[in-house]
Amino acid sequence: VQIETKVADLADYDLGIEQWDVIASIYYHLPPPVRERVLKAVPKALKAGGYFVLEGYTTPTIGIQDGWSTRCATFLHQGNFATSIW
């Protein structure tokens, strides 16, 4: 298996069109304007049959004493997540 990784500033990175078999975003916490731009680009950037793997905090975790609970603007919102990208 060959894996290509990228480290990039997602505020201005172009994901391209039909470029990726898998896009994985781990610890996905971005300012809302950047998050919206990236999420809209993902479906076009994936090849046919491609996968988007995302891991990040969601709003139900607000209040957990882990150092991130005060940064809720960067959290994913379960209710509208799927409709915001597809």
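This report describes the fold, the nonpolar core, the surface and the charged pairs of one protein model.

The model is predicted, and local features need pLDDT of at least 70, side-chain atom pairs count only at pLDDT 80 or more, while totals for chains, interfaces and linings use all residues. Residues are numbered from 1 along each chain as its sequence is written, and side-chain values use heavy atoms, with hydrogens and water left out.

**Overall fold**

The secondary structure consists of 2 helices and 2 strands, and from the N terminus these elements follow the order β-α-β-α. Here helices (H or I, at least four residues) and strands (E, at least two) are DSSP runs, numbered from the N terminus. Of the 86 residues in the protein, 27% are buried, where buried means under 20% relative accessible area, exposed means over 50%, and partly exposed lies in between (1.4 Å probe, protein chains only). Among contacts (heavy atoms within 4.5 Å) between residues at least 6 apart in sequence, 64% join residues at least 24 apart.

**The nonpolar core**

In soluble globular proteins, nonpolar side chains tend to be buried together. A nonpolar core is taken as a set of buried Ala, Val, Leu, Ile, Met, Phe, Trp, Tyr and Cys residues joined through side-chain atoms within 4.5 Å. The largest such core in this protein has 12 residues in all, including Leu15, Trp20, Val38 and Phe52. The elements β1, α1 and β2 each give two or more residues to this core, and α1 gives the most, with 6 residues. Leucine 15, one of the core residues, touches Trp20, Val38, Ala41, Val42 and Ala45 when residues up to four places away in sequence are not counted.

**Residues in the helix and strands**

Apart from neighbours within four places in sequence, lysine 44 is in contact with Gly16, Ile17 and Glu18.

The table lists the relative accessible area of several residues.

| Residue | Relative accessible area | Class |
|---|---|---|
| Lysine 44 | 52% | exposed |
| Serine 25 | 13% | buried |
| Tyrosine 51 | 57% | exposed |
| Glutamate 4 | 55% | exposed |
| Lysine 47 | 35% | partly exposed |

**The surface**

The accessible surface of the protein comes to about 6100 Å², of which 57% belongs to carbon and sulfur atoms; such areas come from the Shrake-Rupley method with a 1.4 Å probe, and for residues only the protein chains shown count as cover. Val22, Ile26, Tyr51 and Val53 make a nonpolar surface patch of about 410 Å², to which β1 and β2 (46–55) each give two or more residues. Patches are made of residues with over 30% relative accessible area and no salt bridge, with like charges joined within 9 Å and nonpolar side chains (Val, Leu, Ile, Met, Phe, Trp, Tyr) within 5 Å.

**Salt bridges**

Side chains of opposite charge can pair when their charged atoms come close. With a salt bridge defined as a side-chain nitrogen of Lys or Arg within 4 Å of a carboxyl oxygen of Asp or Glu, the count comes to 2. In one of them, the side chains of lysine 6 and glutamate 4 meet at 3.5 Å, N to O. Aspartate 21 also forms a salt bridge with lysine 47, and their closest N and O atoms are 3.9 Å apart. Aspartate 21 lies in strand β1 and lysine 47 in strand β2, so this pair ties together parts that are 26 residues apart in sequence.
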